[in-house]
Amino acid sequence: MGIQSTAQWTSWLGTGRSLFLWIHVLGIGCFGYIVAKRLTPLLRAQRDPRFDYPLARLGKVLKYWLGQWKHPRYRVAGTLHILIFAGFIVLAVRAFSVLIVGVSQNFVMPGLSGRAGPIYNIITDYAATVVFLCMVFAVVRRLVFKPARYAVPARYGKAHTADAIFLLALIAILMVADSLFAAAKAAAQAQQSQPVEALAVFSLPWILRAVLASVSLPALGKFYFDGYLLHEVTFYFLLCYRPFGIQFHVETSLFNVYFAKLDREILKPVRWGISDEHLDQVKSFGVKTFEDFTWKHVLDFYSCADCGRCSDNCPANAVGRPLSPRFIGVKARDYAFQHYPMFGHAGNGKALISNVYSEDEIWSCTTCGACEEECPLLVEHIDKIVDLRRGMIDDGHVPQSLQKPLKALESRGNPYGKMEKKKADWTKAKDFPQTCNVQILNGNTDVDTLYFVDSITSFDDRMQAIGRATAKILDHIGETFGILGAAEKDSGHEVRRFGEETLFMALRDHNLEAIKASGVRRIVTADPHAYNALKHDYKDVPPVEHISQVICREVKAGKIRFNPVENKDGVYAYHDPCYLGRHNQIYDDPRDVLDAIPGLKRVEMARSRDRSFCCGGGGLMMFYEPKEDQRMGVMRVQMAAEAGANVIVTACPFCMVNIEDAIKVAGMEGKMTAIDLAELVDQQMNRGMKARAAEVCCHPEHSDGSEVPRGSETTADSLSLRSAE
Ligand code: SF4
Ligand code: SF4
């Protein structure tokens, strides 16, 4: 007689079939109840329309969830996660069919009854083995190697290490139970000279079968049944336990990725579904209590895997500011679990600021986007931080140092409180008007391009040089352009990220009117913050370009050519401004321009492109003195030095302020310099080319458009330009 099937098994408890049926009903019932409870805060949260573009969303699921796209950015943890995830996907069908076998002994998953069955079993044997080994490795890693990013500083609460280890152990037990069940059955079949179910060589079931080979048949029957029972109980326990901790992401991550923002660069409005014109009807702005978050934000909290990658890349965290994006989510999730309990009354509407988050924590963010870029589950941090700021502003909690610039923005349209009529003073610098005529647009001037200067370049003495360099470049390439002068107010980019939506709207509306009145067909700016505002925060403006895009195009078209660099000892490193790189994916154009300058030696910093390290200038940070151990700019300058650079090139006036300041603070004057891309281009431009460029220029003021380019070099691409020198 062979071993009994799990369904046939009998004892004083009844039959196996009835026992497992009860386990199923209990397990599914408990899970359903827990999930319903976990859904309560989502149902009470604010609306967020994320049900559009199903195909684009499915594409995200395929790339980021199924394809695990971001995981390899951390090689060890990423590989581990990919292996575990792949194992789970493979084992999902098996888990389902194993569960049914308890109540229906001959059940075979449709499609697995023929030859596919043994092949699938072999694959699942290996999958279970890989997942088991990954669990062992993950436990050892957490206990012995302890990656720094998993540590929990005391101010953020307790570490979840015990919880993580417990869950890893449960998954390992599940794999062992599944393998024991299969191994005992195969060993019994062998002892009875029956056809033996094939087990994958060197897999966990294969090893267990070898161990059980000499065990008696009745004992094998017990191993078979106990293995199955352990599998069932562990499976349902895991299912019901996961929603109480970080492993809840196993259930929620698919939905979190599906509902992730499709246009991450666009900031969340104050209230979804309420237009700007009707904002005065909104009683309370931003997030003040947990219930002010949107349902997607709550889903983010549930989906965070606590992997620490966001905080590992957060510059605010790196310099010791009281902000770690990981804990923005973890603390909110803990709050949700506490205030939306499994039994009893839900929600208490407590203020989040000072109960869950500190004011400094929320003001410390530069909105650089490094956290969002890194998160494998596409958790959104910036919208939540800005919403929390909106709430604080609404309650009148404005940091002291920011009150003056905000008042100045309100009254004068710039944070420095300068007179509007001085806005174009940068064009009056000594000798500049003789080399470049910058028109002030008044609606009667027929020009193609508006150069949107923005406050920092207009009023900061040092940054005005960037404005003049930009104007000279536009002039050199034959662009008809002008500025708004006194009619231009601050773009409001920082104001919006600071949470002052009403002031932002006033600035935006004023600028929109001025831009419309100017009649321009396109806009160019050298300020990535203005670029981001015009491109994503404003509506119905002519196409916008950053000057680095314009330069790159003109270099490739042969309209800009460069003299070789004179500084032969110069080693240049390009610093990606957050609002040009991460927020707008302009990484290559500035680099292509640098690489087109003959003799320029360029190195990459370890943290560059989408992992660039913020200089510390975003989100009105220029006017805010956060608590920190050191400046972000200083860290950035040190990174450039480590890469072997002695010149930092950037393409943003905010970066320039911070980096030049940091060079002084770090005591690296004389060893390190900083220059804006526009300044470098202006400095290196071969002005002898201007006449020839005009001949090939299509602009009606410079050419009739029928000229044949003189000289093949004018159409060479940037790389051949460089190599030709
Ligand atoms: S946006 Fe930047 S500063 Fe803000 S939390 Fe994310 S990584 Fe940190
Ligand atoms: S938010 Fe994303 S990156 Fe940060 S800890 Fe959670 S899962 Fe990891």
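Predicted model: local features only at pLDDT ≥ 70, side-chain atom pairs only at ≥ 80, totals over all residues.
Let us start with strand E8, which covers residues 571–574.

E8 has a partner in strand E9 (residues 601–603), and the two pair in the parallel sense over three bridges. Here Val 571 has Lys 601 of E9 as its bridge partner. To get from E8 to E9, the chain passes through helix H24 (residues 588–595), and this β-α-β crossover is right-handed. E8 also pairs with strand E10 (residues 647–650), again in the parallel sense and over three bridges. In that pairing, Ala 573 has Ile 648 of E10 as its bridge partner.

## From E10 to E11

Follow E10 onwards and you meet strand E11 (residues 673–676), with which E10 pairs in the parallel sense over four bridges. Within this pairing, Thr 650 stands opposite Asp 676 of E11. Together with helix H26, these two strands form a right-handed β-α-β unit.

## Helix H25

Which residues of helix H25 are buried? The helix runs over residues 632–642 and is mostly covered, with eight of its 11 residues buried. They are Met 632, Gly 633, Val 634, Met 635, Arg 636, Val 637, Met 639 and Ala 640.

After H25 comes Gly 644, which has a positive phi, near 90°.

## The five-stranded sheet

The model also holds an open sheet of five strands, in the order E3-E5-E4-E6-E7, with parallel pairing. At its edges are strand E3 (439–440) and strand E7 (544–546), each of which pairs on one side only.

For E7, the partner is strand E6 (residues 522–525), and the two are joined in the parallel sense over three bridges. Ile 523 stands opposite Val 544 of E7. Helix H23 (residues 547–557) packs on the sheet and touches both E6 and E7. The direction of H23 makes about 80° with that of E7.

## Two loop residues with positive phi

Lys 146 is not a glycine, yet it has a positive phi of about 40°. It sits in the loop between helix H4 (116–145) and helix H5 (161–191). Asp 454 is not a glycine either, and its phi is positive at about 70°. The loop that holds Asp 454 lies between strand E4 (449–452) and helix H18 (455–459).

Are these residues buried or exposed? Lys 146 is exposed, with a relative accessible area of 55%, whereas Asp 454 is buried, with a relative accessible area of 4%.

Terms used. Residues numbered from 1 in each chain as written. Chains lettered and ligands numbered in written order. Heavy atoms only, no water. Buried < 20%, exposed > 50% of the residue type's maximum accessible area, 1.4 Å probe, protein only. Pairing = 2+ DSSP bridges. Right-handed = clockwise from strand over helix to strand, strands pointing away. Contact = heavy atoms within 4.5 Å. Axes fitted to C-alpha atoms, helices over the stretch in contact; angles between N-to-C directions.
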